[in-house]
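I'm opening my notebook on this one. I want to look up the ring pairs first, then the charged pairs.

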Amino acid sequence: MIYHIVGEAAMALHMAFILYVALGGFLAWKWPRTFWLHLCVALYGLAISIVGWICPLTYVENWGRLRAGQEGLDQEGFIAHYLTGVIYPEDQLVAVQVGVGAVVALSWAGLAVLVLRRRRAAAQDREPDHTPA
């Protein structure tokens, strides 16, 4: 039973990681300090895609599933097993990766605009009021 839980937990963490890679930049709009975490996660996700590494969570999920008597993931990993051919067509993987990159870039650009607006508003609030009484 514990191995089944390990496999399921690794799958859930993996999905959360992928969602955070794609959408975590938008969380930084509300909590700007999370940008640095998202930067690290997005760069790691990019490296996995470019280099073709297998994410450590794939190994954990396979370990748990195989010990629970279940089938492991495809050799290509989590994305190939759960997303490619299920959420989007197999021949669209590169387009999806480019799309995710565009969403991340858009979220970071939006964050930059929000941070600049907040800084300008804060600077204006600190300026003394020079209107005649």
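**Aromatic rings**

I searched the whole structure and got seven aromatic pairs. Rings of Phe, Tyr and Trp (its six-membered ring) pair if their centres lie within 6.5 Å; planes under 30 degrees apart count as stacked, over 60 as edge-to-face and the rest as tilted. I looked at Phe26 and Trp29: their ring centres are 5.2 Å apart and the planes sit at 65 degrees, so this pair is edge-to-face.

A note on what I'm working with: this is a predicted model, where local features need pLDDT of at least 70, side-chain atom pairs count only at pLDDT 80 or more, and totals for chains, interfaces and linings use all residues. Residues are numbered from 1 along each chain as its sequence is written, and side-chain values use heavy atoms, with hydrogens and water left out.

Where are Phe26 and Trp29 in helix H1? They are three residues apart in H1 (residues 2-30), which puts about one helical turn between them. Helices (H or I, at least four residues) and strands (E, at least two) are DSSP runs, numbered from the N terminus. Phe26 is partly exposed at 29% relative accessible area, and Trp29 is partly exposed at 31%. My cut-offs: buried means under 20% relative accessible area, exposed over 50%, partly exposed in between (1.4 Å probe, protein chains only).

Next I checked Phe35 and Trp36, an edge-to-face pair with 4.9 Å from centre to centre and 75 degrees between the planes. Buried or exposed, what is Phe35? Phe35 counts as buried at 17% relative accessibility, while Trp36 is exposed at 57%. I also noted that Phe17, Tyr44 and Trp53 form one aromatic cluster.

**Salt bridges**

How many salt bridges does the structure hold? I found two. The term means a side-chain nitrogen of Lys or Arg within 4 Å of a carboxyl oxygen of Asp or Glu.

Glu8 and Arg65 meet through their side chains at 2.9 Å, N to O. This pair links distant parts of the chain, with Glu8 in helix H1 and Arg65 in helix H3 (residues 56-67), 57 residues apart. Glu8 is partly exposed at 30%, but Arg65 counts as buried at 7%.

Arg65 also forms a salt bridge with Glu61, and their closest N and O atoms are 2.7 Å apart. Those two are four residues apart in helix H3, so about one helical turn separates them. Glu61 counts as buried, at 0% relative accessibility. I wrote down that shared partners join Glu8, Glu61 and Arg65 into one network.
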